[in-house]
Every structure is written in C-alpha cells, then in structure tokens.
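The following paragraphs lead the reader through one structure, step by step. Please keep the sequence and the model in view while reading.

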Amino acid sequence: MTNGKLRVGVIGLGIGHGHVTAFNSLPRAEVVAICDKDNAWLDHCKQAWGTRYAFSSWEELVACDELDAVAVCLPTVFHDAVTIAALNAGKHVLCEKPMAANAEKAQAMADAARATGKTLMISYNQRFGSDIQYLKKYIDEGHLGDIYFVRTAWRRAMGAFPRADAPRLTGNYSRNWFNEKSMGGGVATDLGSHIVDLAMYLTGFPKVKQVVGVAYNKFLPEVLKSYGVPSDADDHSVGFAKFENGMSMQFEASFGSYIEQEKIVQAFYGDKGGAHRESGQPVKLFGQAAGQYVTTVPRIDMPGSSPMEHFVDCVLEGKTPIVTPEQGVAVTAILDGIYKSTGAG
Ligand SMILES: NC(=O)c1ccc[n+]([C@@H]2O[C@H](COP(=O)([O-])OP(=O)(O)OC[C@H]3O[C@@H](n4cnc5c(N)ncnc54)[C@H](O)[C@@H]3O)[C@@H](O)[C@H]2O)c1
C-alpha cells in the first residue's frame with residue numbers, strides 16, 4: 001500500500017476497463033498495473049490512464065511486487081488458474097463472475113483463499129442494486145416467512161446473442177468465447193450465474209439436494225455461421241433445484257428467444273408473504289397483513305456503491321465481503337447440475 005491506497009492490478013480490459021475506472025475513482029485505491037493480450041488496446045489504455053505498468057502476460061502482472069490486489073477480468077476459463085496464482089503470490093483477488101468454469105475449479109479457488117488467508121471476492125455486481133439490498137433486509141426480517149419456492153430468470157429477445165467480435169478504438173477483437181463451451185461460455189454460466197446467485201443470496205444459501213435441467217443450443221450455430229467460429233455453448237437453459245430445507249427454485253436464462261423483450265425476474269413465495277422483482281419496475285410485496293403494495297426502494301445502508309468499493313473497504317478494514325468464495329462454489333455447483341442433467345438425457 002502507498003499513502004493508504006490499495007495498489008490494484010487489472011487483468012483483462014473488456015469489462016476490466018470498467019474496473020479500472022471504478023478503482024481509480026475511489027479515494028483508497030489506485031490501479032498501478034494493467035494486463036491484456038491485445039497489445040494495441042493495452043498501449044492505448046496505458047496512455048489514456050497513465051498507468052505505471054502494462055503487461056501482455058498475466059503471469060508478469062501477478063508477479064509484480066508493487067501490487068496488493070488483482071482484479072481478474074478474463075474469459076471465465078482462465079479464472080481459476082489466474083486467481084490461484086495471484087493468491088499464492090500474496091495478492092487479494094476480486095474475480096469476475098462466474099467464479100469458474102465448473103465447481104471443482106471454483107472449490108480450488110476457495111481452498112487457495114483459505115490457505116493463503118487473502119481476500120477472494122466474486123464480482124456479483126447485481127447484489128449491489130438498492131432493490132436487492134432492500135429485499136435482502138426485508139426477507140431477513142422474516143416478512144415472507146418460510147420461502148418455499150423461488151422463480152429466477154434472465155431472458156433476452158431475439159437479436160441479442162453475444163457477438164463473435166466486438167469493436168474497440170484500436171480495432172475489432174474476438175469476443176466469441178461467450179459462445180464456446182470449452183472457454184466457459186454459455187448462457188447458464190453467463191446470465192444464469194447472476195440470477196442463481198441473487199436467488200441464493202436472498203434466501204440465505206440453503207443446501208442443495210437435487211438439480212435437473214436442460215441446456216439448449218438452438219440458435220448460435222445459425223447466428224454465427226458466417227463467422228466460422230465455435231458455437232457449441234448453450235443459448236437457452238432451464239433448470240429446477242430442490243433444497244434440503246424444502247425450498248425449490250425454477251431457473252431460466254436465455255441469450256435470445258422468441259419473446260417480447262428482455263426481462264430479469266425474481267419472485268419469492270413464502271408462507272407469510274411474497275416478493276416480485278422485475279427489471280424496470282418497482283419491487284412488489286404481498287403479505288397477509290399488508291395486502292399488496294408496490295414500493296420504490298427507500299434509502300438504505302449499502303455495502304458500497306460497487307463490488308470494487310466494497311472489495312477495497314473489506315481488504316483495508318479486514319472485513320468479510322458480502323460475496324464469499326463458498327457462495328461462489330455453491331452457485332457454480334447448481335450451474336454444473338444443469339449441464340450434467342442435460343448430458344444425462
Ligand atoms: N459482472 C458482470 O455483469 C460482467 C459483465 C461482463 C463480463 N463479465 C465477466 O468478466 C469476464 C470477462 O468478460 P468480458 O466481457 O470482459 O470479455 P471480453 O472478451 O470482452 O474481454 C476480455 C479481455 O481479456 C483479454 N484476454 C483474453 N485472454 C487473455 C489472456 N490469456 N491474457 C491476457 N488478456 C487476455 C482480451 O483481449 C479482452 O480484452 C468474464 O468472466 C465475464 O463473465 C461480468
């Protein structure tokens with residue numbers, strides 16, 4: 001640390017671009033190093049931000065002595081190796097979601113965090129919405145009673161499939177890994193990991209008993225035909241999980257289907273009340289006493305305005321983040337269950 005500021009290195013400058021801006025806007029953090037394999041983009045970013053170090057290999061950044069923490073913003077297949085190397089090099093880690101390509105790799109990351117004593121937080125940024133924090137408090141206060149069923153979904157309409165390449169100021173770059181199974185792509189791990197995480201977080205991470213599901217690959221091969229790139233990841237996934245406490249969860253994630261418009265939905269059914277959260281609408285609450293009411297979220301204490309701010313606060317103040325490695329493993333195991341169930345036919 002210098003001048004009380006956490007010295008951060010950011011690896012991968014796609015969403016990592018936003019991490020750099022967020023860390024640099026915080027009074028107690030400073031991005032000292034960046035890394036990307038796209039050298040033209042790396043040079044551009046180094047110039048634009050005046051970052052001290054720019055590496056084209058993540059191994060070099062992880063080994064840099066002038067860093068306290070690393071943000072891992074690479075395609076999902078790299079999360080486990082880079083996170084574990086960074087923890088073993090004595091760095092705290094903020095890793096983008098999903099935690100890893102499967103639960104075994106996620107567990108290895110959690111084990112490394114425990115063994116090194118360093119902070120590992122998964123960047124489930126949707127938890128930092130004020131409506132989610134409001135619902136968390138409302139549910140923890142017991143207003144819904146025993147939650148027996150949860151519906152969680154993020155589905156997009158046709159035309160929103162992940163692109164094979166994307167534009168940036170220094171030229172187009174390949175972004176097809178979202179559509180490739182072997183790279184940790186697929187909608188269950190991408191959008192699905194957010195919505196499973198939200199459902200689990202809000203219901204207190206009950207223990208999973210059984211998961212079934214189907215991961216479909218319906219449209220990507222046709223959508224990507226002209227690019228000649230792999231297209232074997234799931235573009236629509238559905239699932240159902242049963243928990244040891246009696247709760248069940250219905251799950252749906254889609255990169256594109258014939259529906260009216262994009263929607264993110266979480267609905268909670270309890271024996272004393274219910275809650276419904278839908279993108280673009282106020283939270284709706286239902287209860288025996290209150291009847292039905294719609295609420296815009298009142299001002300509440302937030303754990304930070306972003307995962308980056310919360311991560312910096314937790315590292316500097318020795319606090320446990322609201323997203324723990326064990327929770328990341330649990331979410332990844334549910335997603336694994338959907339893929340395994342698909343294979344089981
Ligand atoms: N929290 C969110 O809402 C959110 C949003 C977008 C992405 N993500 C997650 O962030 C991660 C990255 O996604 P993205 O959208 O930024 O992907 P992206 O493909 O847009 O960007 C990845 C960057 O990493 C670089 N890169 C790839 N392999 C590399 C390597 N081996 N060494 C160094 N650099 C390498 C690429 O050149 C690219 O600049 C994924 O895990 C994704 O799921 C999370």
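R156 is located in strand β7 (residues 147-157); strands (E, at least two residues) and helices (H or I, at least four) are DSSP runs, numbered from the N terminus. The side chains of R156 and E262 are joined by a polar contact of 3.1 Å. A polar contact is a pair of N or O atoms within 3.5 Å; within protein, one must be able to donate a hydrogen and the other to accept it, and residues adjacent in sequence count only if both atoms are side-chain atoms. Beyond its neighbours within four places in sequence, R156 is in contact with residues including L191, F255 and I259, where contact means heavy atoms within 4.5 Å.

The model is predicted, so local features need pLDDT of at least 70 and side-chain atom pairs count only at pLDDT 80 or more, while totals for chains, interfaces and linings use all residues. Residues are numbered from 1 along each chain as its sequence is written, and side-chain values use heavy atoms, with hydrogens and water left out.

The chain is assigned domain 1 (6-124 + 308-319) and domain 2 (130-301), with bounds that come from an automatic or database domain assignment. The C-alpha centres of domain 1 and domain 2 are 25 Å apart. Across the two domains, 15 residues of domain 1 are in contact with 13 residues of domain 2.

The core has 94 residues, and V10, F23 and L120 have the most contacts inside it. Such a core is a set of buried Ala, Val, Leu, Ile, Met, Phe, Trp, Tyr and Cys residues joined through side-chain atoms within 4.5 Å; buried means under 20% relative accessible area, exposed over 50%, and partly exposed in between (1.4 Å probe, protein chains only). Helix α7 supplies the largest share of the core, eight residues.

Helix α7 (residues 191-202) also meets helix α6 (residues 130-140): their axes come within 9 Å and cross at roughly 30 degrees. These axes are lines fitted to C-alpha atoms, for helices over the stretch in contact, and angles run from 0 to 180 degrees between N-to-C directions. On the α6 side the contact is made by I132, Q133, L135, K136 and I139, and on the α7 side by L198, Y201 and L202. These residues divide into six nonpolar, one polar and one charged.

In helix α4 (residues 79-88), the buried residues are H79, D80, V82, T83, A86 and L87. The elements covering them include β1 (6-11), α3 (58-63), β4 (69-72) and β6 (120-123). V82 has a relative accessible area of 0%, and among the residues that V82 touches are I11, W58 and V72. Just after α4, G90 takes a positive phi of about 85 degrees.

Two loop residues complete the tour. S182, in the loop between β9 (173-174) and α7, counts as exposed at 58% relative accessibility. S182 and A101 are 81 residues apart in sequence, and their C-alpha atoms are 8.7 Å apart in space.

Note on methods
Ala, Val, Leu, Ile, Met, Phe, Trp, Tyr, Cys and Pro count as nonpolar, Asp, Glu, Lys and Arg as charged, and the others, Gly among them, as polar.
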